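Subject: Structure for your review

Dear colleague,

Please find below the structure that I am handing over to you. My findings follow it, arranged by topic.

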Amino acid sequence: MNITINPGAATDDAAQIDSIVSQIEEDMQVLDAAIKRNIPDGVQTTWSETVKANWESYYSADVPAAMEDMKLSAANLRLAVEQALSYDQER
């Protein structure tokens with residue numbers, strides 16, 4: 001069995017994951033602020049209150065969990081590269 005290791009590409013991918021997650025987190029903060037700023041002050045309807053409640057639930061649980069999963073993927077990719085290089089160099 002042959003293993004081809006391209007550590008530069010893999011670590012670049014991990015860095016891109018980190019960058020994407022960071023941008024998503026920033027964008028989610030902007031969206032959260034907009035929702036809090038506009039509901040109910042700008043839009044006061046049953047529908048908008050439902051949107052806000054659903055968003056708060058999603059933003060407090062699902063979003064952080066998804067972000068952590070993506071960060072873990074980047075960490076796992078880095079670890080896989082390190083372990084493959086270590087194996088290649090018989091450490």
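How are α1 and α2 oriented to each other, roughly parallel or roughly antiparallel? Please note before the answer that this is a predicted model. Two packed helices are described by the angle between their axes and the distance between the axes. Here, α1 and α2 pack at an angle of about 170°, and their axes are 9 Å apart. Angles over 145 degrees count as roughly antiparallel, and α1 and α2 are therefore roughly antiparallel to each other. Sorted by class, the contact of α1 with α2 comprises 20 nonpolar residues, two polar residues and seven charged residues.

The loop between the helices

Helix α1 covers 7-38, and helix α2 covers residues 46-88. The loop between α1 and α2 contains Pro-40. Ile-39 and Pro-40 are joined by a cis peptide bond, for which omega is about 10°. As background, most peptide bonds are trans.

In soluble globular proteins, nonpolar side chains tend to be buried together. The largest nonpolar core of this model has seven residues, namely Val-21, Met-28, Ile-35, Ile-39, Trp-55, Val-63 and Met-67. Helices α1 and α2 each contribute at least two residues to this core. Ile-39, a member of the core, is also one partner in the cis peptide bond described above. Val-21, another member, touches Met-67, Met-70 and Lys-71 when residues up to four places away in sequence are not counted.

The aromatic residues

The structure holds two aromatic pairs. In one of them, the ring centres of Trp-55 and Tyr-58 are 5.8 Å apart and the ring planes are at 55°, so this pair is tilted. Trp-55 and Tyr-58 are three residues apart in helix α2, and are therefore separated by about one helical turn. Trp-55 counts as buried because its relative accessibility is 9%, whereas Tyr-58, at 38% relative accessibility, counts as partly exposed.

In the other pair, the rings of Trp-55 and Tyr-59 have centres 5.0 Å apart and planes at 20°, so the pair is stacked. The cut-off that applies to this step is that planes under 30 degrees apart count as stacked. Trp-55 and Tyr-59 are four residues apart in helix α2, again a separation of about one helical turn. With a relative accessibility of 22%, Tyr-59 counts as partly exposed.

Distances in sequence and in space

Two residue pairs may be of use when you consider the fold. Asp-88, in helix α2, counts as exposed because its relative accessibility is 52%. Asp-88 and Thr-4 are 84 residues apart in sequence, and their C-alpha atoms are 9.7 Å apart in space. Ala-15 lies in helix α1 and is partly exposed, with a relative accessible area of 40%. Ala-15 and Leu-31 are 16 residues apart in sequence, and 24 Å separates them in space, C-alpha to C-alpha.

With kind regards

Notes. Residues numbered from 1 in each chain as written. Predicted model: local features only at pLDDT ≥ 70, side-chain atom pairs only at ≥ 80, totals over all residues. Heavy atoms only, no water. Phe/Tyr/Trp six-rings, centres within 6.5 Å; stacked < 30°, edge-to-face > 60°. Buried < 20%, exposed > 50% of the residue type's maximum accessible area, 1.4 Å probe, protein only. Axes fitted to C-alpha atoms, helices over the stretch in contact; angles between N-to-C directions. Parallel < 35°, antiparallel > 145°, perpendicular 65-115°, else oblique. Nonpolar A, V, L, I, M, F, W, Y, C, P; charged D, E, K, R; others polar. Core = buried A, V, L, I, M, F, W, Y, C linked by side-chain atoms within 4.5 Å. Contact = heavy atoms within 4.5 Å.
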